[in-house]
Amino acid sequence: MTTTTQRLLDLAAAAPASHSEDLLLLLREASELYQQGFASLRHAVAARFAGLPGEDLAAAATAAGMPCDASQDRDELLLLLALTEWEMTPAALAYTEMAEDAARRGVCLIPEV
């Protein structure tokens with residue numbers, strides 16, 4: 001069974017040789033995997049910081065490089081912590097590079113208006 005990270009890395013490796021509709025299909029699958037991976041990590045971060053007071057969550061987010069304050073609600077703080085951690089994973093880095101490369105070639109998941 002392939003992990004989310006491995007599949008994202010495989011898609012990112014295949015992307016440079018893909019064009020137009022094929023690249024768009026790869027990008028769509030990669031986007032879904034990115035969202036799944038982030039949701040999974042977000043759940044793990046929430047479990048890891050369960051019971052920690054809001055002030056401590058804000059301090060942890062700030063220490064991780066995500067400016068915030070204790071007035072933000074718990075869900076926002078957990079989201080910031082998860083996002084900071086997720087953005088540094090190989091899966092997220094591969095997806096970001098893939099999406100940026102696709103955009104440079106005129107392929108994007110968001111249709112132009």
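Tutor: Axes are lines fitted to C-alpha atoms, for helices over the stretch in contact, and angles run from 0 to 180 degrees between N-to-C directions. Helices are DSSP runs (H or I, at least four residues), numbered from the N terminus. The model is predicted: local features need pLDDT of at least 70, side-chain atom pairs count only at pLDDT 80 or more, and totals for chains, interfaces and linings use all residues. Residues are numbered from 1 along each chain as its sequence is written, and side-chain values use heavy atoms, without hydrogens and water.

Student: What is the angle at which helix 2 and helix 4 pack?

Tutor: The angle between helix 2 (residues 20–48) and helix 4 (residues 74–86) is about 120°, and their axes are 9 Å apart.

Student: Why is helix 2 called oblique to helix 4?

Tutor: Angles under 35 degrees count as roughly parallel, over 145 as roughly antiparallel, 65 to 115 as roughly perpendicular and the rest as oblique. The angle is about 120°, so helix 2 is oblique to helix 4.

Student: Which residues of helix 2 and helix 4 meet?

Tutor: With contact taken as heavy atoms within 4.5 Å, the helix 2 side includes Tyr34, Phe38, Leu41 and Val45, and the helix 4 side includes Leu78, Leu79, Ala82 and Trp86.

Student: What makes Phe38 and Trp86 count as buried?

Tutor: Buried means under 20% relative accessible area, exposed over 50%, and partly exposed in between (1.4 Å probe, protein chains only). Phe38 has 12%, so Phe38 is buried. Trp86 has 6%, so Trp86 is buried too.

Student: How many aromatic pairs does a search of the whole structure find?

Tutor: There are three. Rings of Phe, Tyr and Trp (its six-membered ring) pair if their centres lie within 6.5 Å; planes under 30 degrees apart count as stacked, over 60 as edge-to-face and the rest as tilted. One of the pairs is Tyr34 with Tyr95, at 4.8 Å centre to centre and 40° between the planes, hence tilted. This pair links helix 2 to helix 5 (residues 90–104), across 61 residues.

Student: How do you know that Tyr34 and Tyr95 are buried?

Tutor: Tyr34 has a relative accessible area of 15%, so Tyr34 is buried. Tyr95 has 14% and therefore counts as buried. Phe38 and Trp86 also form a tilted pair, with 6.5 Å between centres and 55° between planes. Tyr34, Phe38, Trp86 and Tyr95 form one aromatic cluster.

Student: Why is Glu97 called partly exposed?

Tutor: The relative accessible area of Glu97 is 45%, so Glu97 is partly exposed. Glu97 is in helix 5.

Note on methods. Helix = DSSP H or I, 4+ residues; strand = E, 2+ residues; numbered from the N terminus.
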